[in-house]
Amino acid sequence: MRFMVTRLRHQVTLGVAVGFAVISTLFGLLILNVIGQSTEATAAERLKLAQTTAASIDASISHALAQLVEFAGLEAVRQATSGRARADALDQAYRLLGTYDEVAVLDARGRQVWAHPASGRAAASLRNQPVVRTALDSGAPSVALVELAAVEHPPVVAVAVPLASGGGPAGVVLGTIHFAHGWRAPLVPLPPGSATFATAVVDGRGRILVTTSAQQAMDGPGQAEPVTVDPHAPIIRTMFETQRPGVGAHGEGAEEHLVAFAPLGRLPIGVVVEERQDLALAVPNRLRRMLLLFGLVALIATSVAAWLHARYVTRPLEHLAQAMRRIPAGALDEPVLVSRRDEIGAVARSFETMRVQLARAMTERDRWERELEARVRERTDEVRRLLAKIIDAQEGERHRLARELHDDTAQTVATLLMHLAALRGMLPPGQEAIAGVLDRMSAQGVRALGEIRRVIADLRPTALDDLGLIPALREFAEARLATASVDLSFQVRGEPRRLHRPVEAALFRILQEAVSNVAKHAAARIGTVEIEFAPTRLVATVRDDGRGFEVCPGPDRPRGGVGLEGMRERADLIHARLEIASRPGAGTSIRVEIPYEE
Ligand SMILES: Nc1ncnc2c1ncn2[C@@H]1O[C@H](COP(=O)(O)OP(=O)(O)OP(=O)(O)O)[C@@H](O)[C@H]1O
Ligand SMILES: [Mg+2]
C-alpha cells in the first residue's frame, strides 16, 4: 500500500522535517569530520611527545658518552691502567661525571682496576661482556643495554670507552647508568598523582626501564626497582618490531589507552606515552556528546516549530475549507474569517465577497419565489372563485330548472292527466277505440311525469338538503343502479357528520357522477359505495367489477366525456384528493379524500 500524506498540515511539517534532517545530516557529517581530525591531532601530539622524549634521551646518551670519553682521556685514568691506581686522582676525576651510577676502569683483560662506588666484582673479568669486548676489539666507544643477570632489575645502559696507550687498547672505562636514576629528567614531569598519563622507557619485551607513572615515581634513586612489564606490552612489541614511531589503542572499556611509541636511535629501547583514551580524547568526545545533545534539542525544537508553523499556515485554509463546505449546505449567514494579509487572506477575502454576493442573490431569489408563489396562489384562488361561481351558477341553474320542471311542466302534465281521466269518464259506452287511445295517452303521461320527477331528483336531490349526504347518495345510487340492473353494496363506517353545504354538494356531485358512470359504462354486476368518517377526514369510494377503462392522467378527457373532468375540478375546489384507478377488464375505483375543515 502506498503511504500518502493527505493533510496539508502534515505535508508542511514533513517538508520542514525533511529539510531539517538533510541540513542536520550535513552538519553532523561536518562535525564528525572535525571530531575525527581532532582525534588524529591528539594522537599526533602524543606521538610527537614520544619522539621528542626519545630524541632527548638519545641526546642524553650521546652526552654521557662524550663525558666518559673525556674522562678516559684524563691522565689519572690512563695511569690507572699502568698498574698502580691513584685512587684519589680517580675519585677527583669521577666527580666530573654526573650521569653515571657506576664507573670502573678495566685493564686489557677485562679485570677491574678501579671502580666507583667500590663493588665486589673486582675479581671477575668483564672481558666477555659484549660492550667491553666491542670497545676493546674495535678500539672505539660502545654503548649497549645490559642485563644485570644476578638480580631481577631492569636492564641498565652500559658505556665502554677504550683507553688508548701506545699500540692497542690498554683497557676500558666502563660506566653504567640506571634509567631510573639518571634519566628520569628527559621524561615529561607530571604533577604528582597523575595516574592517567605516563611516559615510560621500555625495552623490546615491553619491560619498563623508567616511567613517570605515580607508582614508579615514588621510588628514590638507588633503590631496587622490580622489573615491571608495561600493561600495553602486546601493542608495544608489535610497534617495536617495525622500529617505527606509531600510535595505537589498547585495553578495554575505561582501561582503554592511547599508546604512542617512538624508538631510540642508539639503543634497542623506545619511549612510550600512554594516556587513558577517554581522557586523551576528552575534547572530541565532549564535542560528540554535545553534537548529540544539540542535535536532539534542535530536532525537538524544529519539530515543534515546524508543527506550529504548519498550524499557522494551514489553520486559515482549514477554516476556508470548512466555510466552503458550509456553502453547498446553504449556510450563507456565517461570514468567512479573514485573519491574514497574505495570499491565503486574499483567497478568504474573495471567498467572503463571493459568499456575500451569493447570500444576496439567494435572498433575492427567495423574495422572487415568495412573490411568485403569492401570485400563483392569488391566481389559483381567483380560478377557484371562478369555478365556485360556475358551480354555483350550475347549481342555481339546476335548481331553477328543477323548480320550473316541478312547478310548470310536472303540474301541466299532472293537469293533463287529470283532464284525460275526466274525458275518459265522460265517454259514452261503446267508444272503446277512443277510450283505448285515452288510456295509452294517460299511460304515456304517467311515464313522462315519472321521467320528469327523476330528472328533478337528478337536478336537485331534495334528500341532500333535508337529510344529508348519506341518505341522498343511497337514494340516488339505488335508483340509478337499478335502471342498469347493477346490485348496490352501500357501506358507511365511522360516525356520520355533516360537512359544509358547498363541500357536501360538490362531494355529492362527484359521487353522483361516479355512480352514473357505473350505471352507464361499467356493465358491472355489483357497484359498491363506501363512506368512511375517519377522525380527521372523510374517505368515499365508488367501486365496480365492470369492464374498466384506460385512465389518462392529467386533464385529458378520455373519450370525450366531461364527467371525470368535472369530478377533478370539483375535488380541487373543495381541496379533496381524487384517485381514479381503472384498467380495462379489471373494474374501476374512484376514491375521494377530504380533510374536515374547522
Ligand atoms: N365505471 C366505468 N366503467 C367503465 N368505463 C368508464 C367508467 N367511468 C368512465 N368510463 C369511461 O370513461 C369515459 C369518460 O367518462 P366521463 O364520465 O368523463 O364521460 P361520459 O360519462 O361518457 O359522459 P358525461 O359524463 O359527460 O355524460 C366514458 O365514456 C367511459 O368510456
Ligand atoms: Mg360520465
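## The largest cavity

In the lining of the largest cavity, α10 gives the most, with 3 residues. The model discussed here is predicted. Rolling a probe the size of a water molecule over the atoms shows where empty space is left. The structure holds 3 cavities of 30 Å³ or more. The largest of these cavities has a volume of about 50 Å³. Two elements give two or more residues each to its lining: α9, which runs 282-326, and α10, which runs 343-426.

Which residues line the largest cavity? They are Pro-316, His-319, Leu-337, Val-338, Ser-339, Arg-340, Ile-344, Gly-345 and Ala-348. By class, this lining has 5 nonpolar residues, 3 polar ones and 1 charged one.

## The largest pocket

Next comes the largest pocket, with a volume of about 1000 Å³. Its lining is made of 40 residues. Closest to the centre of the pocket are Glu-513, Asn-517, Val-562, Gly-563 and Leu-564.

Which element gives the most to the lining of the largest pocket? α14 does, with 10 residues. The lining divides by class into 16 nonpolar, 10 polar and 14 charged residues.

## Where ligand 1 sits

Where does ligand 1 sit? Its place is in the largest pocket. Around ligand 1 there are 15 residues. The closest of them are Glu-513, Asn-517, Lys-520, His-521 and Val-562. Glu-513, Asn-517 and Val-562 are also among the residues closest to the centre of the largest pocket.

Two helices, α14 and α15, each supply at least two residues of the shell around ligand 1. The largest share comes from α14, with 5 residues. That helix also gives the most to the lining of the largest pocket.

## Contacts and cover

Now look at single atoms. In the side chain of Glu-513, an N or O atom is 2.9 Å from an oxygen atom of ligand 1. The side chain of Asn-517 also has an N or O atom 2.9 Å from an oxygen atom of the ligand. For Asp-544, a polar side-chain atom lies 3.1 Å from a nitrogen atom of ligand 1.

How much of the accessible area of ligand 1 does the protein cover? On its own, ligand 1 has 600 Å² of accessible area, and the protein covers 83% of that.

## Summing up

The largest cavity has a volume of about 50 Å³, and α10 gives the most residues to its lining. The largest pocket has a volume of about 1000 Å³, and ligand 1 sits there. α14 provides the largest share of the shell around ligand 1.

Note on methods
Residues numbered from 1 in each chain as written. Chains lettered and ligands numbered in written order. Predicted model: local features only at pLDDT ≥ 70, side-chain atom pairs only at ≥ 80, totals over all residues. Heavy atoms only, no water. 1 Å grid on protein atoms, 1.4 Å probe; cavity = no way out; pocket = protein on both sides within 12 Å on 5 of 7 lines; lining within 4 Å. Points joined across faces, edges and corners; volume = space filled by probe spheres on them. Helix = DSSP H or I, 4+ residues; strand = E, 2+ residues; numbered from the N terminus. Nonpolar A, V, L, I, M, F, W, Y, C, P; charged D, E, K, R; others polar. Near = heavy atom within 4 Å. Polar contact = N/O pair within 3.5 Å; in protein donor to acceptor, adjacent residues only side chain to side chain. Areas by Shrake-Rupley, 256 points an atom, 1.4 Å probe, with all protein chains shown as cover. Sits in = over half its atoms within 2 Å of the grid points.
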